[in-house]
Amino acid sequence: MNRSRWAGFGAAFQRELQHLRTDRADLLLVTLLPLLMLAVLAWLFAASVMRDIPIAIVDLDHSAESRLLARMLDASPGIAVASQPASLADAQAQLRRLDVFAVVLVPRDATRQALRGSQGTVFAYYNATYLTTGQSAVRDIVEAVGAWNARLLSGGIGKQVGPAKLRAPPIAVQSDILHNPARSYELFLLPLLFPAVLSLGLALAVAASLGREVRDGQLGVWLGSAPWAAIAGKICPYVALFSVYGALGVLYLALLRGDGVAGSLGLLMLGQPLFYLACAAVALLFVGLTRDMGTALSAIGLSIGTALAFSGATFPVVDAPLFTRIWNLLLPLTAYVKLQTQQQFVGAPWTVSLWPLATLLVMVLVAGGIGGWRLIVAARALPTPATSSNGAAA
């Protein structure tokens, strides 16, 4: 970068810092507010694992074995037997009132059929409108019923038919949880929510900063003779700030709440400025294409603001409509989540993460290049100030 470009970068950088010093509202939006949001999110999910989800058990069997099942369900850490209604209809009414999130039904003679050698069935119903809570409850129900079933097999059934006649199933499925064995919702959701919230804050701040120059008619004055350096200087304070916030979020989850970084901490730190620079480039693209602050902010809300839903981390995009899959690939959060998962949790080789890093870099070059070019073209199309005979502006 030659001297004029350094001067253009420094002038734009100082211009933005001066604005933040004089506009306390904008300063709070990029300093206090992001840290406050991270702190609130960390506090909300500090419980980490769901405990004591209320369920109901309908015991129509009324046997010693079914009462044992009720005690085992209540002893499971993830669920708590909140009620034992007399009928399934009463339990379903509690489910509709959201008093419970799952119902276990032990049919009449279920254990007697099992002791006679035929198959007994225990039914579990859960509220899928609260999908995460319901699935967590059913998972604990299945584990408790599995332990109860094994106890029933080795106890009552073994005594009736004799231990020699007991046979294990020919094929058994053993499932092991990888990379989040505690099933912590904190370590599942916060690594997604932290960058999602920060990226939206950064994109809105950058779009407002760029749009302000267009709105106030200062586009040509700001860009000057080194427009690309001026764009970089204006964006730099925001990218630097939010990269620090992102790094703090990673370190908080890895060192204070998790088990460290399974892969490369260096790649994770490199991903911070690249990710937030890509989000700034998207903001630059919208401002450059629309040259209107309100429209650009709305476009950011529809794209960066909804990125978490389309990133593939919460809802799968496999076999999704073509638009969803394309939209997924165009979002910076998608590439960053892959990088974070590979290096923070999975411990993938560093070469695997070159692809999401390269994806972020391409987004910076393409989105930023198009947006910056459109702003420069717009600035050059502005009429130059008229000058008097002595060369001063009229």
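## Exposure terms and loop residues

A residue counts as buried under 20% relative accessible area, as exposed over 50%, and as partly exposed in between. Leu98, with a relative accessible area of 36%, is therefore partly exposed. The model discussed here is predicted.

Leu98 belongs to the loop between helix H5 (88-96) and strand E3 (102-106). Its phi is positive, at about 65 degrees, although Leu98 is not a glycine. Asp52 is another residue other than glycine with a positive phi, in this case near 55 degrees. The loop that holds Asp52 runs between helix H3 (32-44) and strand E1 (53-59).

## Overall make-up and confidence

The protein has 394 residues, of which 42% count as buried. Its secondary structure comes to 16 helices and 4 strands. Taking contacts between residues at least 6 apart in sequence, 76% join residues at least 24 apart.

The mean pLDDT is 86, and 88% of the residues reach 70 or more. Confidence is highest in helix H11 (residues 265-290), with a mean of 96, and lowest in helix H6 (residues 110-115), with a mean of 74. Over residues 386-394 the pLDDT is below 50, and this stretch makes 7 contacts in the model beyond near neighbours in sequence. Where pLDDT is low, predicted coordinates should not be read in detail.

## Aromatic pairs

The structure contains 9 aromatic pairs. In one of them, Trp6 and Phe9, the ring centres are 6.2 Å apart and the planes stand at 85 degrees, so the pair is edge-to-face. The cut-off for that class is an angle over 60 degrees. Trp6 and Phe9 are 3 residues apart in helix H1 (residues 3-22), which separates them by about one helical turn. Trp6 is exposed, at a relative accessible area of 52%.

The pair of Phe323 and Trp327 has ring centres 5.9 Å apart and planes at 15 degrees, so the pair is stacked. The stacked class takes planes under 30 degrees apart. Both residues lie in helix H14 (residues 322-330), where 4 residues, about one turn of the helix, separate Phe323 from Trp327. Phe323 is exposed at 56% relative accessibility, whereas Trp327 is partly exposed, with a relative accessible area of 23%. Elsewhere, one aromatic cluster is formed by Phe242, Tyr245, Phe275, Tyr276 and Tyr336.

## Charges over rings

The charged end of Lys234 sits over the ring of Trp222, at 5.3 Å from the ring centre. Arg374 lies over the face of Trp373, and here the distance to the ring centre is 5.5 Å.

Ala12 lies in helix H1. Its relative accessible area is 3%, so Ala12 is buried. Beyond its neighbours within four places in sequence, Ala12 contacts Trp222, Ala230, Gly233 and Lys234. Trp222 and Lys234 in that list are the residues of the charge-over-ring arrangement described above. Ala230 is 218 residues from Ala12 in sequence, yet their C-alpha atoms are 5.1 Å apart in space.

Lys234 is also in contact with Arg212. Arg212 is part of helix H8 (residues 185-215) and counts as buried at 12% relative accessibility. With His19, the side chain of Arg212 makes a polar contact of 3.2 Å.

## Cysteines

A disulfide is a covalent bond between the sulfur atoms of two cysteines. How many disulfides does the model have? The count comes to 0 disulfides, with the cut-off for a pair of cysteine sulfur atoms set at 2.5 Å. Among the cysteines, Cys279 is buried at 1% relative accessibility, while Cys236 is partly exposed at 28%.

Notes:
Residues are numbered from 1 along each chain as its sequence is written. This is a predicted model: local features need pLDDT of at least 70, side-chain atom pairs count only at pLDDT 80 or more; totals for chains, interfaces and linings use all residues. Side-chain values use heavy atoms; hydrogens and water are left out. Rings of Phe, Tyr and Trp (its six-membered ring) pair if their centres lie within 6.5 Å; planes under 30 degrees apart count as stacked, over 60 as edge-to-face and the rest as tilted. Helices (H or I, at least four residues) and strands (E, at least two) are DSSP runs, numbered from the N terminus. Buried means under 20% relative accessible area, exposed over 50%, partly exposed in between (1.4 Å probe, protein chains only). A charge sits over a ring if NZ of Lys or CZ of Arg is within 6 Å of the ring centre and within 35 degrees of the ring normal. Contact means heavy atoms within 4.5 Å. pLDDT is the predictor's confidence in each residue, from 0 to 100. A polar contact is a pair of N or O atoms within 3.5 Å; within protein, one must be able to donate a hydrogen and the other to accept it, and residues adjacent in sequence count only if both atoms are side-chain atoms.
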